[in-house]
Amino acid sequence: MERADEFFKAVATDVLTDGEGRVVQAGLKKIALFKLGDEYHAIQNFCPHAGGYLGLGEVKKGCVRCPRHAWNFDIRTGACLTNPRYDVRRYQTKVEDGWVWVGIPSDGSLI
């Protein structure tokens, strides 16, 4: 995974519960952020198939279901389990001082 050029404070760690997703702002991007156990995972928020907000989708067994057309994406990798041609971007996360930070590359590339 490439390094992010800039990290943005996204949400306090006590806001998300295990298996929950949320739409957060990281710089100019809206990102889908999820908590799985003690880890936080960030992927692009919009479904490439139907434009649904993945951060609002139902989470089960490490996957999020698009609320529009029920396509499934692996939260950890961004892989689309419904159609492998539609993987989503993933972004670095880190936790500091009780906050989750999301890293965004300056060129907007996949990380």
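Colleague: Which strand does E96 lie in?

Modeller: This is a predicted model, in which local features need pLDDT of at least 70, side-chain atom pairs count only at pLDDT 80 or more, and totals for chains, interfaces and linings use all residues. Residues are numbered from 1 along each chain as its sequence is written, and side-chain values use heavy atoms, with hydrogens and water left out. Strands are DSSP runs of E, at least two residues, and helices are runs of H or I, at least four, numbered from the N terminus. On that basis E96 belongs to strand β9.

Colleague: Is E96 buried, partly exposed or exposed?

Modeller: Buried means under 20% relative accessible area, exposed over 50%, and partly exposed in between, with a 1.4 Å probe and protein chains only. E96 has 38% relative accessibility, so it counts as partly exposed.

Colleague: What separates the C-alpha atoms of E96 and T13?

Modeller: Along the chain, E96 and T13 are 83 residues apart.

Colleague: How many helices and strands does the protein chain have?

Modeller: From the N terminus on, the elements run β-β-β-β-β-β-β-β-β-β. The count is zero helices and 10 strands.

Colleague: Why is the protein chain called as compact as a globular protein of its length?

Modeller: The radius of gyration is taken over C-alpha atoms, and the globule rule is 2.2 Å times the number of residues to the power 0.38. For 111 residues the rule gives 13 Å. The chain is as compact as a globular protein of that length because its own radius of gyration is close to that, at 13 Å.

Colleague: What box do the C-alpha atoms fill?

Modeller: The box is taken along the principal axes. Its dimensions are roughly 35 × 30 × 20 Å.

Colleague: What percentage of contacts between residues at least 6 apart join residues at least 24 apart?

Modeller: Contact means heavy atoms within 4.5 Å. Among contacts between residues at least 6 apart in sequence, the share joining residues at least 24 apart is 40%.

Colleague: Which residues is V64 in contact with, leaving aside neighbours within four places in sequence?

Modeller: V64 is among the residues of the largest core that touch the most other members. Its contacts beyond those neighbours are F34, I43, L54, G57, E58, V59, W71, N72, F73 and I75.

Colleague: Is L33 buried or exposed?

Modeller: L33 is found in strand β3. Its C-alpha atom and that of A10, 23 residues apart along the chain, are separated by 8.7 Å. L33 has 0% relative accessibility, so it counts as buried.

Colleague: What is phi of A70?

Modeller: Most residues other than glycine have a negative phi. A70 sits in the loop between β6 (63–65) and β7 (72–74). At 36% relative accessibility, A70 is partly exposed. Although A70 is not a glycine, its phi is positive, about 65°.

Colleague: What is phi of D97?

Modeller: D97 lies in the loop between β9 (93–96) and β10. At 77% relative accessibility, D97 counts as exposed. D97 is a residue other than glycine, yet phi is positive, near 50°.

Colleague: Which residues is T82 in contact with, leaving aside neighbours within four places in sequence?

Modeller: T82 is found in the loop between β7 and β8 (90–91). With a relative accessible area of 41%, T82 is partly exposed. Beyond those neighbours, T82 is in contact with A70, W71 and N72.

Colleague: How far apart in space are S106 and D14?

Modeller: S106 is in the segment after β10 (99–104). S106 is exposed, with a relative accessible area of 65%. S106 and D14 are 92 residues apart in sequence, and C-alpha to C-alpha the distance is 28 Å.

How values were computed. A nonpolar core is a set of buried Ala, Val, Leu, Ile, Met, Phe, Trp, Tyr and Cys residues joined through side-chain atoms within 4.5 Å.
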